[in-house]
Amino acid sequence: MNLFEFCYGIIHWLVDLVNNLWYRLGDVLPWYFGDFFTGVGDFAASDSHLSFMTILLESIIIILVALINVLNFLWIFRKISGRILDFYGPYYVGYRIGGWLQNLADGIKLFLKEIIVPTKADKLGFFLAPIIFVGSSLLILSVIPLSENFGLSTNSSGEYVPAGALFALAAFSIAPFAILLAGWSSNNKYTLIGGMRSAAQMMSYEIPLILCAASVFLLAGSFNFVDIVDAQRDIWFFVPMFIGFVVFLVCLIAEVEIVPFDLPEAEAELVEGWTTEYGGMRFGLFYMTTAIRSYAGGALATALFLGGWQGPSLIPDEIWFLIKAYIVYTVFMWLTWSVPRIRIDQMLGLGWRRLLPLAVLNLLIAAVLKTGGWF
Amino acid sequence: MAEMWINMGPQHPMTHGLWNLRVKVDGETIVDAEPEVGYLHRGIEKICEGLTYPQIIPIADRLCYGSSFTWSHLYCLTAEDLMDVEVPERAEYIRVMAIEMQRIASHLMWLAAYAGDLGLSVGFTNAMRDREVFIDLLQGLAGSRLTYNYPRIGGVAHDLPPNFERDALRTVRYMEQRLKEYEDLFDNSKIFMMRNVGIGILRKEDGIDLGVTGPSLRASGASYDLRKDMPYSVYPEIDFNVATHKDGDCYARYRVRMDEMWECCSIIRQALKKMPKGKWRVVAPRNAPASTGLGRVEDPRGEAVMYVVGDGSDKPYRLKIRSPIFVTLSAAPKILVGYKLADVVVIMGGLDMCLGENDR
Amino acid sequence: MSEGDERGSTGTNSIETAPSRIDADPGQRVLRALTEAFPETVSDGAQVKPRFIRARVDRSDLYSVCRSLKDHHGFEHLTMISAVEYDDGFEVVYHITSHQAGLLLELITSAPKTDPTVDSISSIWGGANWQERESYDLMGVVFRNHPKLERILLPKDVLYHPLRKDFRG
């Protein structure tokens, strides 16, 4: 049973439950009311309504699972930084589960804080930026399946969103717009410079990222996550395309803006970068979105290069997928805490002069492999 | 982007204190800079005119939170020069040892702040942890953690605590291991080198002309070290090298401080070994003659000088303090211009700011 | 000026023409050369301690004395400028170092209370810039020809000079 069938079952059961009421009402009430309620019941039982509600429920479940993973990621982030930097990390809130509840507590605290808007800020942009940022990041998560059975599909055959990988990458690139908007609308020099830096950084690292993904699409011959993962049944793509894998990871680090590439929010020179003026839950959204994007990045790397949910069947597929994503994220964290921050011009130089040629080389390797008939 | 002024400070993560650096940027390139100081001015020179000579020692401690021992030591040297007090040799060795411990602690705090500026959090926490070891040692010696109030006019407050020598040697041995680790962490990091090599170059002539002293000048190739050039205390009897570097960039400043920490370890060992038995304090006169006294020491940040004028009473008539970082900061615009905005952090971090002594 | 060339024994011409036994000591040599070059204004030359000499200079000749100290005697580093207020006037004390010779010179100049003005030497030693501003700020000594004589530690609108003895907080 896949997620679609599961959700369809639930929705069907619910609709049946409620339709009893509608039809009963339709029987009891006079004709002009009764027809209306019978019509409501017929609409509820129609295929289009059922599949729409199913997809809605599916997305809610997927987003919820993703957000729980994001909480895990934040917890891992704090725990690993504690291990590396000689402190405990979260400890007391949720003592028995290793301080896991600390993030919830922080979230509640941020919710209760006052939202402060600078007087001279552009109110609409200031308000919209976090929404666009968090929304576009959640969009990425909605199309990434955790297994063949757990993903957003539109019919019972398990056919996932066509070109889901392409959609994920496209959603990944909306963020610079939100960041630029946040930086500009805050009306602050630090945020402006941070926003500019962020836009420059994301645009220059987007290209090698997508080129590496393109080589994967080339080998797999599809934009669909299921097909891509299926194509890695014999050999995971990071083996033939190791260069591409490394370039992809580096670009991901730049895209999610963590050290060494956290220049837009380099706290030493730009205070908090483009998030300087944000407080309360709006800041919390930005903070959470960083974790969401880290999770999305780890999931993308897993699906495209690390064989997705493939692994010995002792453990369920979904858990395999998550384990791999967590490992990718742990590597990110390990890197983050052990290197200094790079400078913006050096970073752009790295992106354009090193990573882009490597990505093109990787695309060439993929083309050779494909034409050679190995894939 | 048009040119604009950016205020980095008074409350900004870069400043490590309370001061304001106004930088004029063209895009991200600095075209002009202007430090503004004085936010922490407490009028210590004026306060000292109302206190008796021994009462000034704790005030002198408050000049710099990073290296308070050198300042109280400097004050005692100055007052001894004014009053013609001969300090027992044991006290001199104890002071030299403690100053070098303080120098390591100060340099470690600098290293921590510098790593934090560069975004290298692991360097920050590790250096802070190792600084704590030396703070503990000095706490065992003097009784408090940051402001020691340990030297006296005519010696030190009390003798070494029991087993201090053993603890100190153990700490120094530990520190030498850790220093190797730091050099692995920093020098082997490609990004660290990218951020440091060739950034913030201060030429030797400019440095001397602008009055820059201490590690910042020695990194430019001038081997000016008061401990060698004009020795005070018992430094002539101790064998050590002056750490210099010829490049004058941020990496050179980092390198000089690291080398200095190695030298400090060696000086502490020698001081412990050569320390004679005997008295550790003589009683200083209550009133100073109507004369002047001058003390100069090599602070972790440069050349620290105090000039005291006595008028025959038990209070100084005038006390002037020369803060090394105050003069070094005036050279900052010269170093900053032409580099990127992100380099401000590295360059100013490399100068090792301490606002307590800067603003006095 | 370039470093090292005109320093040490090849200093001023006056040293070359009048060698004597006393010139073996660098401090005595500098004092002697100063008093010979500026007989009217430099006075009270004395060796206080080994490698520490002291001299008084009239404020009219301060700039040229400092210029010759830097150019001919190798005093490349200005350590400290202190201003001291006495009953009859201000004294500005310059501590100037020659690291090559290992020599410290304490150069004292004085100015009356009615006209606390001395020449700025920040064009000779760049390090004097902020120290002169500080002396102006806290003690009210005015340095003539200073490029930017403003308050530095205190806010710009403060009306008093706190280190003066007549200032009561």
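1. In β2 of chain C, S43(C) has R56(C) as its bridge partner. Strands β1(C) and β2 (residues 52–57) run antiparallel and pair over 5 bridges. Pairing requires at least two DSSP bridges between two strands. Strands are DSSP E runs of at least two residues and helices H or I runs of at least four, numbered from the N terminus.

2. This is a predicted model: local features need pLDDT of at least 70, side-chain atom pairs count only at pLDDT 80 or more, and totals for chains, interfaces and linings use all residues. Residues are numbered from 1 along each chain as its sequence is written, while chains are lettered from A and ligands numbered from 1 in the order in which they are written.

3. The open sheet of chain C has 5 strands in the order β1-β2-β5-β4-β3, with mixed pairing. β1 (42–49) and β3 (77–86) are the edge strands, each with a single partner, so one side of each lacks a neighbour in the sheet.

4. In chain A, helix α6 (residues 164–172) has G164(A), A165(A), A168(A), L169(A) and F172(A) buried. Buried means 20 or more other C-beta atoms within 10 Å of the residue's own, with C-beta atoms placed from the backbone. Seen down the axis of α6(A), the buried residues fall within an arc of 140 degrees (taken from the directions from the helix axis to the C-beta atoms), so they line one face of the helix.

5. Chain A gives 21 residues and chain B 24 residues to their contact. Contact means C-beta atoms, placed from the backbone, within 7 Å.

Terms used
A residue is buried if 20 or more other C-beta atoms lie within 10 Å of its own, exposed if 12 or fewer, and partly exposed in between; C-beta atoms are placed from the backbone. Two residues are in contact if their C-beta atoms, placed from the backbone, lie within 7 Å.
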